[in-house]
Amino acid sequence: MVTLSKNGAWLLNGAEVIEESENSEALLRQKLGDAPISKEEAAQHTMAYGILKNHNTSGTMDQLKIKFDRLASHDITFVGIIQTARASGLEEFPVPYVLTNCHNSLCAVGGTINEDDHMFGLSCAKHYGGIYVPPHQAVIHQYAREMLAGGGKMILGSDSHTRYGALGTMAVGEGGPEIVKQLLSQTYDINMPDVVGVYLTGKPRKGVGPQDVALAIIGEVFANGYVKNKVMEFIGDGVDNLSVDFRIGVDVMTTETTCLSSIWKTDNKVKEFYKIHGREEEFAKLNPGDIAYYNGMIYVDLDKVKPMIAMPFHPSNTYTIEELNENLMDILDDVEKKARVSLDNNEVEFTLKDKVHNGKLYVEQGVIAGCAGGGFENLCAAADILRGKNIGADEFSLSIYPASQPIFMELVKNGRIADFMAAGATVRTAFCGPCFGAGDVPANKGLSIRHSTRNFPNREGSKVTSGQIASVALMDARSIAATAANKGYLTAADTFEGEFTNPSYFFDKTIYENRVYNGVGKADLSVPVKFGPNIKDWPKMSPLTDNILLQVVSVIHDPVTTTDELIPSGETSSYRSNPLGLAEFTLSRKDPAYVGCAKKVKQAEEARIAGNDPLEENEAIRKAFQVIMAADPSIRPGQTEIGSTIYAVKPGDGSAREQAASCQRVLGGLANIAREYATKRYRSNLINWGMLPFILPEGELPFKNGDCIWIPNITEAIKNKSNVIKAYTVGDTLTEFELRIGDLTEDEREIILKGCLINYNNKNIK
């Protein structure tokens, strides 16, 4: 189904793969003659390399400085982004910037907060010259596919699933500060990423959809980091056998592999997609060169992919549905063991074995939604399976969310909405809520199957610290429909005996023309920016001092810590425009004591900044300074920045949300300490908010929760590009240990020294 090469590989003429081995040079000579191409040169013939080269401004392909063609944000990110940019000197949007309203669409939540954010977005689109997509019109990524993507272009989005590779667009999902940099005509700085080929062969069997293929890939590459921070490049004749909608459905899920971005070869099907959407001029033919080198190769035999399911609590926890049904109790036992780790062995009882009725797995809810599941072909296929059937009158329910109003309209016209409603499903407008816990939250101990993007713990309504737990499993729309037709008993879509109708899609552009405000190139500074009472400015942050004192306020031993656990999604989304209000939720589902502990450390730093004695505010810090000053009498607490830090093994998997870092910073966080960072984007978020992204080499943890850590000469180390940082655990004496900080660009060093990106761009900060 899916296999991985152990080494790099050459692709010849887009068709033949030669893996790197002792015999590969001889094979290449046999194929190419006596002038074999070097790996370095062949690597320049990937599609990814060509696109990155065209957008690089650094003059060297080793260290890239990328300027994107277009930008996209939604309504739980754009307020903070624009507020940051405003504080940094924003004058107008330099490139097309789309502000969609698909996350906080439910304006009854939080009083006027959400609609106030929408009005802020519309006024900013008018003031700075942007594009405003009103609520319920489209989820962010579907609008970008329909109206923003372009062949050979690059798009940066402040949402982790910013992926438009199937349309020939390299797209990257990052935290808000990286969007801010683009708005200020700065660059996205990364080392040249490795490129991994995804070689598709064959054709999907009946009943297999894009989510099945995506989960099969994720299950093979997530845990081993095979594509972490790399670009996935989809090639092979199997691509030709997939519709564009199918490719899009696979592509959007590449985020769950932890890759940086994706790109696919393009063909006439992609050209037809652009033509249908009235943008044929955006098509570009993309193929790798005649001889291209990849840093790895993922082989996907589409013929062998079966309907898949990702069990709680990660998209990589994958099984075929057939395998699950045949080994139900054994697999559920394994899922429960893994869940205890994900739930940090919390006392909340977790089991799925009670879902087994007469040897079959019963689920209470099905959802087909958003950028992954709400596409036209997915919903038409689901309607075909449900036509003439019903979901029953028991616990099982089914919700359908078309990804955009144009898709919804076409489904109304071709009768598929009627099929869903006749079967007992409810049909909603375009909304991302089911993907992050703000819509269709399951009942306590409930199990939901979803064609959406993620099934993390503490995400879909679960509040473990309040005794609530719910589970989400990921599946393709087709198998969700087959399960619905079987009234909630888990069923794979390859059992469907009917025919898929595969109707043609007709895009009605007037839906957007009538409702979407397009102010690109029409910035009008006379239009006032509208602020609701919940929209607050970022608090001031201090430059880094020569020496720092950290107090550890949370220690997390889980193998991976998601951004959902660092700052919960769902009910917190209404506070994303209020840094202080949102910060109250930091680590609330993982470590409820965190906020109080962090605030206590912050009180000492606030006293220092005010010119008062910081030692009166925190007994642990007072004792720490006594030990430090005994060792070095020249140290002055009033000249030493005091901050909190958390330790986590591998933090930052999942969402691009900058608030996973900024909320810590708002509460006085000054660093993270980790064995490694799950994603580049989380580490970048830490840096852009002035936090030190420390790495702790393997070995025994040299501190415990509540300990203070003394780090002298930190500014000197940052300026001198030192990777190894001497730190000291403060007990009765100072105990030395080493931290590492990893590669930093010159700009990143300056951002950390200045205290955050806002300070970096504010010329008044010395």
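Just after helix H18, Lys487 takes a positive phi of about 55 degrees. The model is predicted: local features need pLDDT of at least 70 and side-chain atom pairs count only at pLDDT 80 or more, while totals for chains, interfaces and linings use all residues. Residues are numbered from 1 along each chain as its sequence is written, and side-chain values use heavy atoms, with hydrogens and water left out.

Helices (H or I, at least four residues) and strands (E, at least two) are DSSP runs, numbered from the N terminus. Buried means under 20% relative accessible area, with a 1.4 Å probe and protein chains only.

H18 spans residues 477-485 and is mostly covered, with nine of its nine residues buried. Among them are Arg478, Ile480 and Thr483. The cover over these buried residues includes helix H8 (210-221), helix H14 (376-386), strand E20 (365-368) and strand E23 (447-451). Contact here means heavy atoms within 4.5 Å.

Strand E23 is itself largely enclosed by the rest of the structure, because five of its five residues are buried. On one side lie Leu447, Ile449 and His451, and on the other Ser448 and Arg450; both faces are covered.

Two strands pair if DSSP finds at least two bridges between them.

| Strands | Sense | Bridges |
|---|---|---|
| E20 and E23 | parallel | four bridges |
| E23 and E24 (residues 471-474) | parallel | four bridges |

Towards E24, Ile449 has Ala473 as its bridge partner.

Terms used: Buried means under 20% relative accessible area, exposed over 50%, partly exposed in between (1.4 Å probe, protein chains only).
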